[in-house]
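Me: I'm just starting out with this kind of thing, so let's go through a structure together, one question at a time.

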Amino acid sequence: MIKLYDKGVYLINGREIVEDIREAEAKAQGAVSKEEAAKQTMAYGILKEHNTSGNMERLQIKFDKLTSHDITFVGIIQTARASGLEKFPIPYVLTNCHNSLCAVGGTINEDDHMFGLSCAKKYGGVYVPPHQAVIHQYAREMLAGGGRMILGSDSHTRYGALGTMAMGEGGPELVKQLLNKTYDIKMPGVIGIYLDGEPIKGVGPQDVALAIIGATFGNGYVNNKVMEFVGPGVEKLSADFRIGIDVMTTETTCLSSIWKTDEKIREFYEIHGRAEDYKELSPGAVTYYDGMVYVNLSEIRPMIAMPFHPSNVYTIDEVNENLADILRDVEKKALVSLDGAVEYSLQSKIVDGKLYVDQGLIAGCAGGGFENICAAADIIRGRYIGSDEFTFSVYPASTPIYMEMVKNGAAADLMASGAIVKTAFCGPCFGAGDTPANNAFSIRHSTRNFPNREGSKLQNGQISSVALMDARSIAATAANKGFLIPATAMDVEYTGPKYHFDGRIYANRVFDSKGAADPTVEIKFGPNIKDWPAMPALPENLILKVVSEIHDPVTTTDELIPSGETSSYRSNPLGLAEFALSRKDPAYVGRAKEVQKAQKAIEADTCPRGVLEELNPVMDKIHEKFEGVKRGNLGIGSTIFAVKPGDGSAREQAASCQKVLGGWANIANEYATKRYRSNLINWGMLPFVTEEDHEHLSFKNGDYIFIPYVRKAVEKKAEAVRAYVIGDEIKELTLTLGDLTDVEREIILKGCLINYYKG
């Protein structure tokens with residue numbers, strides 16, 4: 001089904017995989033240079049076109065367009081305003097698809113929307129009102145273009161199937177673009193994803209995506225690399241099918257994606273009235289990839305990603321055939337994910353030897369596409385979900401898709417079955433919509449199934465869980481009245497209706513400045529919209545207290561700052577910070593604030609010992625070894641340790657919440673994603689790495705770590721930073737910062753991106 005090559009390979013004429021350079025030369029009938037062949041990837045060509053550094057090893061990228069939604073654009077624009085923003089220099093689209101319901105916190109969600117509309121007018125942007133489209137569907141329909149690059153403040157910013165290299169990053173990276181700066185990275189590796197064969201009837205894009213995630217996530221095969229989709233199987237897939245696979249590439253932890261394009265993609269642009277935005281893309285005659293994932297589409301079967309990660313994959317048939325064993329395995333894995341905070345069992349879901357699920361959802365940027373929903377309607381037509389616990393909801397990804405479903409009857413077929421068809425909304429993907437009952441089991445064609453993505457509150461004893469599936473098998477399960485079944489088991493005639501896009505919907509509702517700024521417009525600020533607090537520069541010496549210690553194999557951004565109801569406070573830095581690590585380590589905020597008192601005392605030019613008495617023996621011990629350390633050259637703050645933090649969302653708040661609570665650093669064995677590490681840097685936090693085994697650390701929660709001359713170490717580009725664990729004895733600890741650009745070092749020295757741009 002899927003094969004990973006253990007070394008780089010050559011692709012000849014986009015069709016034939018060759019491992020040996022001599023064989024590649026024979027096929028090409030001429031000399032082959034690996035270096036030149038690596039330049040024949042589609043990714044290389046697009047990156048070269050957008051690179052401003054003149055050095056393809058050290059890229060400085062300027063994007064064509066930017067996108068954000070309503071739990072990120074307030075913080076981004078506030079940061080940019082504090083850094084000197086006068087006008088959006090490139091098209092910037094503000095969608096309102098996350099806090100659309102305006103159901104929590106009084107007026108604050110709609111206040112954010114009015115802030116966004118006024119900023120689109122003042123700075124020359126585009127504003128998409130709530131319920132019109134989820135961020136990524138609007139980008140597909142209205143923004144993507146062959147050979148372009150788009151940067152979005154959402155991790156699933158992926159439009160590779162349409163010939164657009166798109167990346168999801170934390171807000172500060174968008175701020176840099178708004179201030180005419182660049183996105184600075186090393187040239188990423190490029191991994192070929194070779195699609196062969198053709199999906200069988202009943203298999204959908206989520207099935208293919210989950211199979212690829214299962215094969216690549218755990219081993220990091222594509223981590224921070226570009227996934228480039230090639231091979232004869234691509235042409236067998238519709239545009240919607242490709243899009244459905246592409247959006248899930250984020251869950252592999254890759255940097256970006258790009259696909260070869262053809263007449264089916266040309267047709268997509270024509271349908272959307274943008275034929276001029278199509279560009280044919282394909283790899284060169286002889287192309288070198290740093291690795292290759294071979295996928296036989298014909299062998300893919302309906303998949304399910306069991307709780308609590310998209311990589312925890314099985315075929316649905318495997319689950320049904322080995323139900324008790326697999327559920328026990330999921331329960332064991334949950335002990336790690338849930339930290340024993342609640343009792344968790346799936347055994348009650350076995351009814352008459354079959355798996356009964358409580359809820360089915362088809363939604364968002366992954367599931368809400370036209371073809372997915374029409375296929376689901378074909379399956380459920382004439383059948384009924386029943387009147388028991390099982391519920392079924394469908395969220396089209398945009399109003400144009402919804403309108404076409406109304407016209408072609410798919411919406412009626414769904415509603416007649418007992419399904420509820422709702423408006424475009426991302427809530428089911430991050431725990432802000434269709435929250436199931438306690439201990440319920442939900443199957444969703446959405447992007448993630450981390451703990452609390454379905455609305456659980458472990459600290460309140462509430463737990464439910466999500467499995468990811470394709471829309472087709474969700475509809476089949478709905479037709480089976482909640483008992484898990486793959487779509488391949490259903491005898492269905494798929495109608496495959498043609499899509500007709502009605503652009504009047506956006507023309508009549510979306511505010512588009514066409515790039516014209518109006519500086520006379522007054523920004524509308526709701527009472528919850530707050531400025532960022534002042535943040536000090538990196539001191540000469542630093543004392544860190546470890547205030548949280550996480551030993552999970554991977555820590556998600558949802559665990560660092562929960563999603564769901566906390567989203568309402570994303571425009572209030574201090575208000576949101578109260579939720580930091582609340583579902584992983586509820587005592588974290590209190591511990592961090594205690595340490596922060598000492599830093600605030602230093603900033604007020606008073607003695608930190610007076611507000612944090614436990615510092616007295618620490619300072620005495622430091623003075624035994626280091627003379628001249630005093631409040632004029634000292635900073636005091638907190639840090640957390642996590643084995644591998646940062647999997648998942650691009651949300652900058654996973655880092656900024658730590659920063660506003662006095663965080664100066666993270667210590668990790670490695671970082672799960674580039675975007676989380678970038679968020680730390682942009683908020684002036686040191687992204688330390690330790691090689692110590694996480695089970696045998698020289699420090700623990702509550703310990704103090706002293707880092708002398710830390711500022712000098714950053715300035716001098718030291719490979720290793722010498723630190724000391726302060727206890728009854730002083731233990732030396734070696735930390736590293738990894739590769740940092742000169743700009744990233746300066747941001748850390750200044751204390752954060754805002755300070756860097758203020759000068």
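Reply: Let's start with a term: a crossing is right-handed if the near helix is turned clockwise from the far one by less than a right angle, and left-handed if anticlockwise. This is a predicted model, where local features need pLDDT of at least 70 and side-chain atom pairs count only at pLDDT 80 or more, while totals for chains, interfaces and linings use all residues. Residues are numbered from 1 along each chain as its sequence is written, and side-chain values use heavy atoms, with hydrogens and water left out.

Me: Which way do helix 24 and helix 25 cross, left-handed or right-handed?
Reply: Helices are DSSP runs of H or I with at least four residues, strands are runs of E with at least two, and both are numbered from the N terminus. Helix 24 covers residues 653–660, and helix 25 covers residues 674–682. Take the handedness rule to this pair, and their crossing is right-handed.

Me: How many charged residues are in the contact of helix 24 with helix 25?
Reply: Contact means heavy atoms within 4.5 Å, and here Ala-654, Ala-655 and Gln-658 of helix 24 meet Tyr-676, Asn-679 and Leu-680 of helix 25. For the classes, Ala, Val, Leu, Ile, Met, Phe, Trp, Tyr, Cys and Pro are nonpolar, Asp, Glu, Lys and Arg are charged, and the others, Gly among them, are polar. The contact of helix 24 with helix 25 comes out at four nonpolar and two polar residues, and the number of charged ones is none.

Me: How many residues of helix 25 are buried?
Reply: Buried means under 20% relative accessible area, exposed over 50%, and partly exposed in between, using a 1.4 Å probe and protein chains only. Even Lys-674, Arg-675 and Arg-677 are among the buried residues of helix 25. Helix 25 is largely enclosed by the rest of the structure, because its buried residues number nine of the nine.

Me: Are helix 14 and helix 16 oblique or roughly parallel?
Reply: Helix 16 covers residues 410–417, and its axis comes within 9 Å of that of helix 14, crossing at roughly 50°. Residues that meet there include Ile-380 of helix 14 and Leu-414 of helix 16, and the crossing is left-handed. With that angle, helix 14 and helix 16 are therefore oblique.

Me: Which residue does a cis peptide bond join to Pro-307?
Reply: Look in the loop between strand 16 (303–305) and strand 17 (313–315). The bond has an omega of about 5°. The partner touches Ala-334, Tyr-344 and Phe-450, among others, and with a relative accessible area of 6% it counts as buried. The residue joined to Pro-307 is Phe-308.

Me: Is Asn-13 buried or exposed?
Reply: Asn-13 lies in the loop between strand 2 (9–12) and strand 3 (16–18). Its phi is positive, about 55°, although it is not a glycine. At a relative accessible area of 56%, Asn-13 is exposed.

Me: What is the relative accessibility of Arg-242?
Reply: Arg-242 is found in helix 9 (residues 239–246). Not counting residues up to four places away in sequence, Arg-242 touches several residues, including Glu-235, Trp-259 and Asp-262. Arg-242 counts as buried because its relative accessibility is 0%.

Note on methods: Axes are lines fitted to C-alpha atoms, for helices over the stretch in contact, and angles run from 0 to 180 degrees between N-to-C directions. Angles under 35 degrees count as roughly parallel, over 145 as roughly antiparallel, 65 to 115 as roughly perpendicular and the rest as oblique.
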